[in-house]
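Subject: Handover of a structure and notes on its features

Dear colleague,

Please find the structure below, together with its sequence. My notes follow it, arranged by region, and I would be grateful if you read them with the model open.

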There are 2 protein chains.
Amino acid sequence: MIAASVGGTDATHDPGLQSWLESANDPATDFPIQNLPFGRFRRADDMDWRIGVAIGDQVLDLRRARLIESYDMNLIMRLAKEPRQALRAAISNGLQSGSPLEKQFREALVPQSRVELSLPCRIGDYTDFYTSIHHATTVGRQFRPDNPLLPNYKWLPTGYHGRSSSIAVSRRGLGHTFKRPAGQTMPAGATTPVVGPTARLDYELELGFFISRPNVVGEPIPIEDAEDHVFGVALFNDWTARDIQPWEYQPLGPFLSKNFASTLSPWMVTMDALAPFRSPFKRPNGDPAPLPYLESASNRDRGAIDIELEVWIQTEKMRAERLAGDRLTASNYADAYWTVAQLVAHHTVNGCNLCDGDLFGSGTLSGPRPDQAGSLLELTQGGKKPITLSNGEVRGFLEDGDTIILRGYCQRDGFRRIGLGECRGTVQAGRRL
Amino acid sequence: MIAASVGGTDATHDPGLQSWLESANDPATDFPIQNLPFGRFRRADDMDWRIGVAIGDQVLDLRRARLIESYDMNLIMRLAKEPRQALRAAISNGLQSGSPLEKQFREALVPQSRVELSLPCRIGDYTDFYTSIHHATTVGRQFRPDNPLLPNYKWLPTGYHGRSSSIAVSRRGLGHTFKRPAGQTMPAGATTPVVGPTARLDYELELGFFISRPNVVGEPIPIEDAEDHVFGVALFNDWTARDIQPWEYQPLGPFLSKNFASTLSPWMVTMDALAPFRSPFKRPNGDPAPLPYLESASNRDRGAIDIELEVWIQTEKMRAERLAGDRLTASNYADAYWTVAQLVAHHTVNGCNLCDGDLFGSGTLSGPRPDQAGSLLELTQGGKKPITLSNGEVRGFLEDGDTIILRGYCQRDGFRRIGLGECRGTVQAGRRL
């Protein structure tokens, strides 16, 4: 049993909690009773998406469990703190061993293997940030050898608006499948651009944070209140065409190199579930202190979140040989240079209004070591040093049939491990032009 | 009477058409029977937004006129060409002098002065382009004196994703009012940034194009089909904080310098209404021909649209003195370097999916002459050469209380003049930090 005050934890985080649902107590599950992430699902005979919580290998249908009336996830996300935490406690109580609600809740379970999953909410605007200083420096060196980290990097969390319409959810099997994009590129030494399928398709290991409560346009969100406006987090793959990017991105930023596809994992792990895994947020010695609107006591004390992240690759050949794939990278979100509270405070300092369901990408989460790089661009030094996989295949960038799987989890002494599930996507041959 | 074949015109463009509604025949109206732009409105006792067409000084309620059943503008926008043009013809017929439907239509009229206007549709993703080579060159010179026009400019229509949530409609009176945004800036010669209200607030004269029919993700829209995916156009003011922009925009593009507010005029003038005002699309001699996916016979023959544009300023002092304001600029959309069909073809070449209600900003529409500049950044050379208004006030950038009014219209021999109405916005004092 743990003190209720540790890092904002409460009874729902108690590592001793067990569920009457066997699969929730499996030490390997991402979805024990301490997690309770939200998503949207339907069975074959459903017309509408329903709101569910992942528990073990099942989904708890919140409406059938008589916990909510709505089919609208965004309404749930807009709940104020007290009703939101009350809903979490009610779900936790009903799933606990010995709960008098066991029968009622059992009738509201559906196996995860038998549901179709949707994007977890209606996504509004999507903003992508650039919070890993390690990624920014390594990539900056390739684009601007003399000037890898721009002067603004340590003063403001760089961000830009991305495309919402092409964000899709990771499903079972191959996950989110999409066609290799085509585009305009300028080959080295050429004076006329060419058009064709990208030859430098890459993944980016990111987290996606979901906005909960809106702010009124013209009214910034102070950093002290920022996390009240964040509902939770999922894994996010910001696929990128590295040959389209350098030709198009000046002066207005990334566009067609990114907006053909992005992949989200289906379950939003709530900020409430992440409470035990918070860490102090520190900057390296000598770096400037954040400006006052980007700094607060709680941000210093527990602004960082300790999420272990992994990238795996499974090629078509590996699938044919029933190989699970190779791990390409492991990094940790706690190494980010900017916290999610800082992103919210910065995004709204000019009065910009955030809405429920808006998505914030963290940017590629590379760690300080070269083997912690969150993209092939970094791992292969822009394709110059291809990597050899365990079955002998070689990759500079992604080939048709490659599946990329992102995984994430939190573990800490004295707490139950919780996971973010999987974000899986597969590139298919492009359309002939 | 004109031939039905001229530039895709039909009987609804006949300049001889008169309406039984007096105000529609006023030579000064933007909304004669040849125009018929769509918008959303409600009266004081309405709960829902209704779909209307502006005619003279009235709004025709399309549901009350028994022309449609829906309250959903996006459904109307998704109509295929034949039903869309049939709806236009039915509206035109019913409004014509002598129509047997006059009584039925009269009962469906509401004075524009008595309705509240909404954004004309549900906006999905918003993309801003950079289609005026004159703007790109003048602004590029200020940011990069040695390198004003980047090498990609003549090869691809540069674009980036913008913020949808802070787009608002121009209403009567002061139009869209918004607070002066604050943000982080790096003063010249300083080494530490400061935070405060922008001192260099600017407007940008743009057009906003609305996407009609979606494409499937992974399936590019060929340029020959591109205009089938465009519903119409409105005036668009892309307000910009010029001191926030240079500090934040590298390497990922504009962000907080733009996303605090954008203003749309309330009426979507349809591509059908614009048919008489099309022009051949020509590039200057010596410029590269567009790549094949950005070129077509119809784009060459009639890709340009001849829309006269104006920017007016009315300061608080002018309002107090009942002065209408000063005209700052007049330019023409036909001077854009990229056509709307090229924007659609380029945006989807990588398979990106467009949706009904997506908005494309044209970028600032400056003309070739310095007095045709579509922003103060250009007119005042970055504030260095402030302009003196007719009442003696001086402006480098915008002051609190300033109203900016965009206007647009099409006129051509042999056709009735049609207008885009007004896009009006007013800056108010910012929030104290």
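What covers the buried residues of α4(B)? The answer includes α10 (376-379) of chain B. Please bear in mind throughout that this is a predicted model.

**Helix α4 of chain B**

Helix α4 of chain B spans residues 133-143, and its buried residues are Ile133(B), His135(B), Ala136(B), Val139(B) and Gly140(B). When one looks down the axis of α4(B), these buried residues fall within an arc of 150 degrees, so they line one face of the helix.

**Asn299 of chain B**

Is Asn299(B) buried or exposed? Asn299(B) has a relative accessible area of 5% and is therefore buried, the limit being under 20%. Its side chain makes a polar contact of 2.7 Å with the side chain of Thr339(B). Setting aside neighbours within four places in sequence, the residues in contact with Asn299(B) are Ile223(B), Phe281(B), Leu294(B), Thr339(B), Ala341(B) and Gln342(B).

**A sheet in chain A and strands in chain B**

In chain A, 5 strands make up an open sheet with mixed pairing, in the order β9-β26-β25-β20-β21. Its edges are β9 (176-179) and β21 (326-332) of chain A; each has a single partner strand, so one side of each is left without a neighbour in the sheet. From one strand to the next, the twist averages 20 degrees.

Within chain A, strand β25 (residues 403-410) pairs with strand β26 (residues 418-428) in the antiparallel sense, over 8 bridges.

Turning to chain B, strand β20 (residues 308-314) runs antiparallel to β21(B), and 6 bridges join them. One bridge partner to look for is Ala330(B) in β21(B), which is paired with Glu310(B). How many residues of strand β21 (residues 326-332) of chain B are buried? The count is 5 of its 7 residues, and the strand is mostly covered.

**Aromatic pairs**

A pair of aromatic rings is described by the distance of the centres and the angle of the planes. Over all chains, the count comes to 24 aromatic pairs. One of them joins Phe277(A) and Phe415(A) in an edge-to-face arrangement, with 6.1 Å centre to centre and 65 degrees between the planes. This pair links distant parts of the chain, as the two residues are 138 residues apart. Phe277(A) belongs to the loop between α6 (271-274) and β18 (278-279) of chain A, and Phe415(A) to the loop between β25 and β26 of chain A. Phe277(A) is buried, at a relative accessible area of 2%, and Phe415(A) is buried as well, at 15%.

Ring pairs also link Tyr130(A), Tyr153(A), Tyr337(A) and Trp338(A) into a cluster.

**Backbone features**

Which residues of chain A does a cis peptide bond join? They are Gln250(A) and Pro251(A), with omega about 0 degrees. Pro251(A) is placed in the loop between α5 (244-248) and β16 (262-264) of chain A. In chain B, a cis peptide bond joins Gln250(B) and Pro251(B), with omega about 0 degrees, and Pro251(B) lies in the loop between α5 (244-248) and β16 (262-264) of chain B.

Two arginines of chain B deserve a look. Arg66(B) has a positive phi of about 60 degrees although it is not a glycine. This residue, Arg66(B), sits in the loop between β3 (58-61) and α1 (73-77) of chain B and counts as exposed, at 63% relative accessibility. Arg322(B), likewise not a glycine, has a positive phi of about 55 degrees. Arg322(B) is found in the loop between α8 (316-320) and β21 of chain B and is exposed, with a relative accessible area of 77%.

Ala28(B) is placed in the segment before β1 (38-42) of chain B. At 59% relative accessibility, Ala28(B) counts as exposed. Ala28(B) and Phe277(B) are 249 residues apart along the chain, while their C-alpha atoms are separated by 18 Å.

With kind regards

Notes. Residues numbered from 1 in each chain as written. Chains lettered and ligands numbered in written order. Predicted model: local features only at pLDDT ≥ 70, side-chain atom pairs only at ≥ 80, totals over all residues. Heavy atoms only, no water. Buried < 20%, exposed > 50% of the residue type's maximum accessible area, 1.4 Å probe, protein only. Polar contact = N/O pair within 3.5 Å; in protein donor to acceptor, adjacent residues only side chain to side chain. Contact = heavy atoms within 4.5 Å. Helix = DSSP H or I, 4+ residues; strand = E, 2+ residues; numbered from the N terminus. Arc of directions from axis to C-beta. Pairing = 2+ DSSP bridges. Axes fitted to C-alpha atoms, helices over the stretch in contact; angles between N-to-C directions. Phe/Tyr/Trp six-rings, centres within 6.5 Å; stacked < 30°, edge-to-face > 60°.
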